[in-house]
Amino acid sequence: MKNHGGTSLTPGRQSGDKGDHRTPHDKAGKNKAGSPGQVFAAGARGEPSGKEEQHTTLVIPQDLPDEPARKGSAGRPFWSGSITIGLVNVPVRLHTMVRDRSFSFRLLHREDGQPLRYDRVCTKDGQVIPWADIVKGYEVQKGRYVVIEPDELKAVMPESDRKIRIEKFVYYLSLDPTYFDTPYILLPDRSEEAYSLLVTALAELGRAAVGTITLRTKEHPVVVHVYQGGLVLTTLRHAEEVTSPRAFEQLAGLPEPKDSELALAKRIINELSGDFSITDYPDRYHKAVMDLIKKKIDGEKIVIEEPPHPEQAKELMQALQETIATLAGK
């Protein structure tokens, strides 16, 4: 079986198969470091059932290439509509822009490696409840809920009219990034001429469009701005969703810094000043976990190193002076 962009492992073959097609569980028994590992195939039970096992392919994706080198289609849009500016309509399609690279681990039974199932159990009588008898509720007091019926919830949901309603134009650099939530790519939907006009006008004026959109069941404030030659729509958080630092009393009584310490702090900042590039900050945790998964599949022994002991906290002036000395030695 060919697999592009990853390592393919097919567990579940019988011992009579031709070639060296050992399962990950078999390979784990011949660990390189002499320590047994565990890689379970979906549906495996440890005891032979007499039935032919279903082959399951485990794919370990390789690291993605650098962002500038990535090309290809944008995939299927999940929303289509138009940007409305007065009487002007620019038909567009909305595509996902960011990808969640966090890991989603399944909980397994250690003995046989099979996934655990969650049942809908009533906390009062311990019975498993079928979906037909389940309703949504909002907790108004401890242990007291208000039941919300599906038609009641549907009645108060905002209607989606497939429009990005632009209300004003602002300078993009005047926007507070604290309120930025999720960016999406806007592509022209057979509206290349109008789309190009909007991109060029916004870029030359340094402006961004602010308005609203309804996605799924929620209305979002949004900003539409130019990014790398195209339009990006970024949903914004509502004011009630962001806590201001001014809400914390301890910030009001901060001490005035000493002149000597302030001078050293400014010097450190100037020494470390430079241009920002997000590629300077790779996802080391993602790579480490993928390396760990590959090692366990290959049957390697996992050696866990002791974390270094944290350094003792230094006096502020001493820490500033030692930092300056370190930077001078580079």
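Predicted model: local features only at pLDDT ≥ 70, side-chain atom pairs only at ≥ 80, totals over all residues.
**Entry 1: the chain as a whole**

I recorded six helices and eleven strands in the protein chain. The chain has 330 residues, and buried residues make up 21% of them. I then considered contacts between residues at least 6 apart in sequence, and found that 64% of these join residues at least 24 apart.

**Entry 2: the barrel**

I followed the strands around the barrel and counted seven, in the order β3-β4-β8-β11-β10-β9-β7. I wrote down that the barrel is closed and that its pairing is mixed. From one strand to the next, the twist averages 40°. As background, I noted that the strands of a sheet pair through backbone hydrogen bonds, in either a parallel or an antiparallel manner.

I examined β3, which spans residues 79-85. Five of its seven residues are buried, so β3 is largely enclosed by the rest of the structure.

On one side I looked at β4, which runs antiparallel to β3 and is joined to it by seven bridges. Within this pair, I found Val 92 of β4 opposite Gly 81. β3 and β4 form a hairpin with two residues between the strands, and there Gly 86 takes a positive phi near 65°.

I next asked how many bridges join β3 to β7. There are three, and these two strands run parallel. I identified Lys 163 in β7 as the bridge partner of Ser 82.

**Entry 3: strands β8 to β11**

I turned to β8 (residues 180-188) and β11 (residues 230-236), an antiparallel pair with five bridges. Phe 180 has Leu 236 in β11 as its bridge partner.

β11 is also paired with β10; six bridges join these antiparallel strands. I located Leu 233 of β11 opposite Val 224.

β10 in turn runs antiparallel to β9, with seven bridges between them. Here I saw Leu 215 opposite Lys 218 in β10. The hairpin of β9 and β10 again has two residues between its strands, and Arg 216 takes a positive phi near 55°.

**Entry 4: a helix across the barrel strands**

Which strands does helix α3 lie across? I listed β3, β4, β7, β8, β9, β10 and β11. The helix covers residues 192-205 and runs at about 70° to β11.

**Entry 5: helices α4 and α6**

I noted that two packed helices are described by the angle between their axes and the distance between the axes. For α4 (residues 259-271) and α6 (residues 316-328), I recorded an angle of about 30° and axes 10 Å apart. An angle under 35 degrees counts as roughly parallel, and α4 and α6 are therefore roughly parallel to each other. I also noted that α4 passes α6 in a left-handed crossing.

I then listed the residues that meet. From α4 they include Leu 264, Ala 265 and Ile 268, and from α6 they include Leu 320, Ile 324 and Leu 327. By class, the contact of α4 with α6 has eight nonpolar, three polar and three charged residues. Glu 261 and Arg 267 are among the α4 residues in this contact, while Gln 321 and Thr 323 are among those of α6.

How values were computed:
Residues numbered from 1 in each chain as written. Heavy atoms only, no water. Pairing = 2+ DSSP bridges. Helix = DSSP H or I, 4+ residues; strand = E, 2+ residues; numbered from the N terminus. Axes fitted to C-alpha atoms, helices over the stretch in contact; angles between N-to-C directions. Contact = heavy atoms within 4.5 Å. Parallel < 35°, antiparallel > 145°, perpendicular 65-115°, else oblique. Left-handed = near helix turned anticlockwise from the far one by under 90°. Nonpolar A, V, L, I, M, F, W, Y, C, P; charged D, E, K, R; others polar. Buried < 20%, exposed > 50% of the residue type's maximum accessible area, 1.4 Å probe, protein only.
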